[in-house]
Amino acid sequence: TSLPKLQVDRLLGHTSRYSVQQQCQLTSDQINRLGVSAELQGHRGCVNCIEFNDTGRLLVSGSDDCQLLLWDVHSRRKLRAYTTTHSGNIFSVKVLFFMSTRNICVRFPKKSYSF
C-alpha cells in the first residue's frame, strides 16, 4: 500500500491511526541503508521540513530563511521560490494529494498562491 493511499484511507476513516503507523514503520536496518542521493541548493538557512507530492516528482521545502521552495526532484531544479510573511522559521509544509501537479496551492498567513 502506498503512503498517499494510507493517508487518504486514514482521512476517510477507513483505517486507524495505529494501523497506518504500523504499515509506515521502518526497521533500523532499512534506515541504515538510506543515503544522500543529492543535495539541493537554494535555501539560505537550515531546512526544517519537506514534503513530496503524490507522484514523488515535486518537493516543497521550508527553512529558517522564511522561504518555501518548490523543486523538481528528478531534474534537481528549483522551480519556484516563495518569500513568506513568516517572521520566524518554517517548521511545517503540506502538499494536498488531491491536487494535480499543474495546480499547486501554497498558503500561509495573509497570502495564498495558486498556479
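Tutor: Keep in mind that this is a predicted model. In the second largest pocket, the largest share of the lining is three residues, and that share comes from β1.

Student: How much space lies in the second largest pocket, and which residues lie nearest its centre?

Tutor: The general idea comes first. Rolling a probe the size of a water molecule over the atoms shows where empty space is left. Here the second largest pocket holds about 240 Å³ of space. Its lining has 13 residues, and those nearest the centre are Leu 40, His 43, Val 47, Ser 61 and Trp 71. The elements that contribute two or more residues to the lining are β1 (47–52) and β2.

Student: Where is Val 47 placed, and what is it in contact with, leaving aside neighbours within four places in sequence?

Tutor: Val 47 sits in strand β1. Leaving aside neighbours within four places in sequence, Val 47 is in contact with Ser 61, Gly 62 and Ser 63. With a relative accessibility of 44%, Val 47 counts as partly exposed, because that class lies between the cut-offs of 20% and 50%.

Student: How many helices and strands does the protein have, and in what order do the elements run?

Tutor: There are three helices and six strands. From the N terminus on, the order is α-α-α-β-β-β-β-β-β. One of the helices, α2 (residues 17–24), contains Ser 19. Ser 19 is partly exposed at 22% relative accessibility. The C-alpha atoms of Ser 19 and Leu 6 are 9.2 Å apart, and the two residues are 13 apart along the chain.

Student: What should I look for in the nonpolar residues, and which ones make up the largest nonpolar core?

Tutor: In soluble globular proteins, nonpolar side chains tend to be buried together. In this model the largest nonpolar core has nine residues: Cys 49, Leu 58, Val 60, Leu 68, Leu 70, Tyr 82, Ile 90, Val 93 and Val 95. The elements giving two or more residues to this core are β2 (58–63) and β3. Across the protein, 27% of the 115 residues count as buried.

Student: Is Gln 67 buried or exposed?

Tutor: Gln 67 is buried, at a relative accessible area of 8%. Gln 67 belongs to strand β3 (residues 67–72). Leaving aside neighbours within four places in sequence, its contacts are His 43, Arg 44, Ser 61, Gly 62, Ala 81, Tyr 82, Thr 83 and Ile 90.

Student: Where is Leu 79 found, and which residues is it in contact with, leaving aside neighbours within four places in sequence?

Tutor: Leu 79 is in strand β4. With neighbours within four places in sequence left aside, Leu 79 is in contact with Leu 58, Leu 70, Trp 71 and Asp 72. Leu 79 and Leu 69 are ten residues apart in sequence, and their C-alpha atoms are 7.6 Å apart in space. Leu 79 counts as partly exposed, with a relative accessibility of 36%.

Student: Which residues have a positive phi although they are not glycine?

Tutor: Two cases can be given. Cys 66 has a positive phi of about 65° and lies in the loop between β2 and β3. Arg 76 has a positive phi of about 60° and lies in the loop between β3 and β4 (77–83). As for accessibility, Cys 66 counts as buried at 15%, whereas Arg 76 counts as partly exposed at 48%.

Student: How many disulfides does the structure hold?

Tutor: The structure holds zero disulfides. Take Cys 46: the closest cysteine sulfur to its own is in Cys 49, at 10.0 Å, which is too far for a bond because the cut-off is 2.5 Å. Cys 46 is partly exposed, with a relative accessible area of 44%.

Student: What can be said of the accessible surface of the protein and of its contacts?

Tutor: The accessible surface comes to about 8300 Å², and 51% of it belongs to carbon and sulfur atoms. Of the contacts with a separation of 6 or more, 35% are between residues 24 or more positions apart.

Notes:
Residues numbered from 1 in each chain as written. Predicted model: local features only at pLDDT ≥ 70, side-chain atom pairs only at ≥ 80, totals over all residues. Heavy atoms only, no water. Helix = DSSP H or I, 4+ residues; strand = E, 2+ residues; numbered from the N terminus. Buried < 20%, exposed > 50% of the residue type's maximum accessible area, 1.4 Å probe, protein only. Contact = heavy atoms within 4.5 Å. Areas by Shrake-Rupley, 256 points an atom, 1.4 Å probe, with all protein chains shown as cover. Core = buried A, V, L, I, M, F, W, Y, C linked by side-chain atoms within 4.5 Å. 1 Å grid on protein atoms, 1.4 Å probe; cavity = no way out; pocket = protein on both sides within 12 Å on 5 of 7 lines; lining within 4 Å. Points joined across faces, edges and corners; volume = space filled by probe spheres on them.
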